[in-house]
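These notes are for a colleague opening the entry for the first time. Please read them with the sequence and the structure side by side.

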Amino acid sequence: MAKVIVVTSGKGGVGKTTSTAALGAALAQRNEKTVVVDFDVGLRNLDLVMGAERRVVYDIVNVIQGDAKLPQALIRDKRLDTLFLLPASQTRDKDSLTPEGVEKVMTELKKHFDWIICDSPAGIERGATLAMRHADIAVIVTNPEVSSVRDSDRIIGLLDAKTERAERGERVEKHLLLTRYDQARAERGDMLKVDDVLEILSIPLVGIVPESTDVLKASNLGAPVTLADNRSAPALAYLDAARRIAGETVPMTIPGERRGLLGKLFGRRAA
Amino acid sequence: MTKVLTDTRSIRIKGRSFLALVLSPEPPLDAWLTRLDDLASRSAGFFLGRPVVLDVADLEIDRAELKKLIDELGKRNVRIMGIEGGRPSLFEPGMPPAMKGGRPAPDIEIPDGPSIEPVGTASPKATAPDVSAEPQAARGMSSIVIREPVRSGQSVIFPEGDVTVVGSVASGAEIIAGGSVHVYGTLRGRALAGSVGNASARIFCRRLEAELLAIDGVYKTAEDMAPNLRGQAVQLWLEGDSIMAERLN
Ligand SMILES: Nc1ncnc2c1ncn2[C@@H]1O[C@H](COP(=O)(O)OP(=O)(O)O)[C@@H](O)[C@H]1O
Ligand SMILES: [Mg+2]
């Protein structure tokens, strides 16, 4: 059965696109057929992070408007043959994504893929609500700072109101992915503590990704972090997070800290 | 000449209901105004910023008298948003519009100073707090329980009575209750209790980190709150025009 994941945050620049690519590649490496879908019409950049920008012919808007068939728009990754990209349009305006069109595309993708990962645009408007509409699972990307946490909280509220699951009276499975976590700043007290973020958002933690130059290096290479160097600290964090999303139990570590203290963070559930 | 419509989007019109105070003056009007002044002197600002509807259904009044009444109320800073129950001939351009179709809501309590006797006669639509009875129970107020966190951007509005949240209220979220607000979690957003004019409403929370607290229109922002209450289990209530707070243990 296909699972639809939305990677969302409210705030921009927190790491949604980076996370979509990294988790997508990590799930595809499990030999499960995975597609990453760019919902950021007008500001597309998932194709860049995936290193596929020069192979884009058709995009999601073309499929919705009937100019192209879905298989024509899907781009297969050159490194992993279980990984695909459905790009967004750079030229269309945001309103060319319609609820009916998105539903049609999702229904079709579900027939062919195990994982469908939707990279949400920033904000709480139409683009973001369309990206979350069909989600079974939400990965809420949050940086350990007040404005990001507040926006994430807002998004969690929308997940409980504006998704198909919510309308059927079901819940979207929610996972908190803390990204751009900086151990040195955490120690200086410049950032919110992991515990505080968890207390405020009260959803389970799926991973902590450190702030790292490996992320920029990977995106310059046009490779998801998990493919660029799978021993780097952010890659390890994303690989573990992907295993947790797939249902495995993996102990949680805070980047830069030794284990021990962290047992209590792992498996923490909503209050 | 016809105008060409270049933008064909339709205009969105929404319905929204607001709770208005209804004043029903009784003859003789001079005496009624005196009683109103007395009420205002004891609860300054009661009408400020609240929508007020004038109900003249039971009043024998002509257009000139109505104009004078509106003027008198205006002098007292009571701004009338509409007139209910008036014959069409009473109205003239520039007057507040005629309103109909109002639905009754619970009586609104008028904050009362401690040393003054109840003012049950001030207006038939307003009742003074009854010291002997529990006001909320007496009026059969209902309550709602919310079993999950209230997230940023969400607001819970329940003018009919108490709101209980089993969970936290996020920064950027708000609870507006006609009665009391109970938060079994951290209150980070806004809590407005007694929002339809109930001075006996209270706010309770397990951990106070609120952005704004209000009871019966009297409010406190985060900056006004005593720092030693932050992070504590607290209850807040109204005494006169000040919000009082104490720690719960
Ligand atoms: N863990 C990280 N460490 C360092 N830089 C990061 C990290 N995650 C994301 N970035 C950088 O932050 C910027 C925004 O990331 P992006 O994934 O595009 O965010 P979003 O899609 O939420 O707007 C990019 O320049 C990206 O390289
Ligand atoms: Mg992005």
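1. Two strands pair if DSSP finds at least two bridges between them; helices (H or I, at least four residues) and strands (E, at least two) are DSSP runs, numbered from the N terminus. In chain B, strand S11 (residues 181–187) and strand S13 (residues 203–208) pair in the parallel sense over five bridges. Within this pairing, Val183(B) has Cys205(B) of S13(B) as its bridge partner.

2. This is a predicted model, in which local features need pLDDT of at least 70, side-chain atom pairs count only at pLDDT 80 or more, and totals for chains, interfaces and linings use all residues. Residues are numbered from 1 along each chain as its sequence is written, chains are lettered from A and ligands numbered from 1 in the order in which they are written, and side-chain values use heavy atoms, with hydrogens and water left out.

3. S13(B) also pairs with strand S16 (residues 234–239) of chain B, through three bridges and in the antiparallel sense. Here Phe204(B) stands opposite Gln235(B) of S16(B).

4. Elsewhere in chain B, four strands form an open sheet in the order S1-S2-S3-S4, with parallel pairing. Strand S1 (21–23) and strand S4 (98–99) of chain B each have a single partner strand and stand at the edges, so one side of each is left without a neighbour in the sheet. S1(B) is joined to strand S2 (residues 52–55) of chain B by three bridges, and the two run parallel. Leu21(B) has Val52(B) in S2(B) as its bridge partner.

5. Chain B as a whole has three helices and 17 strands. Of its 249 residues, 41% are buried (under 20% relative accessible area; exposed is over 50%, partly exposed in between; 1.4 Å probe, protein chains only). The chain exposes about 14,500 Å², of which carbon and sulfur atoms supply 53% (Shrake-Rupley method, 1.4 Å probe; for residues, only the protein chains shown count as cover). Among contacts (heavy atoms within 4.5 Å) in chain B with a separation of 6 or more, 37% are between residues 24 or more positions apart.

6. Which residues come nearest to ligand 1? Of the 13 residues around the ligand (a heavy atom within 4 Å of it), these are Gly13(A), Lys16(A), Thr17(A), Thr18(A) and Arg180(A). By class, the shell has four nonpolar residues (Ala, Val, Leu, Ile, Met, Phe, Trp, Tyr, Cys and Pro), three charged (Asp, Glu, Lys and Arg) and six polar (the others, Gly among them). Helix H1 (16–28) and strand S8 (205–210) of chain A each supply at least two shell residues; the largest share, three residues, comes from H1(A).

7. A nitrogen atom of ligand 1 is 2.9 Å from a polar backbone atom of Ser212(A). The protein covers 78% of the 560 Å² of accessible area that ligand 1 has on its own.

8. Ser212(A) also caps the N-terminal end of helix H11 (residues 213–221) of chain A, with a side-chain oxygen 2.9 Å from the backbone nitrogen of Asp214(A). After H11(A) comes Gly222(A), with a positive phi near 70°.

9. Asp214(A) and Val225(A) are in contact with Ser232(A), leaving aside the neighbours of Ser232(A) within four places in sequence. Ser232(A) is found in the loop between helix H12 (225–228) and helix H13 (233–245) of chain A, and is buried, with a relative accessible area of 4%.

Technical notes: A polar contact is a pair of N or O atoms within 3.5 Å; within protein, one must be able to donate a hydrogen and the other to accept it, and residues adjacent in sequence count only if both atoms are side-chain atoms.
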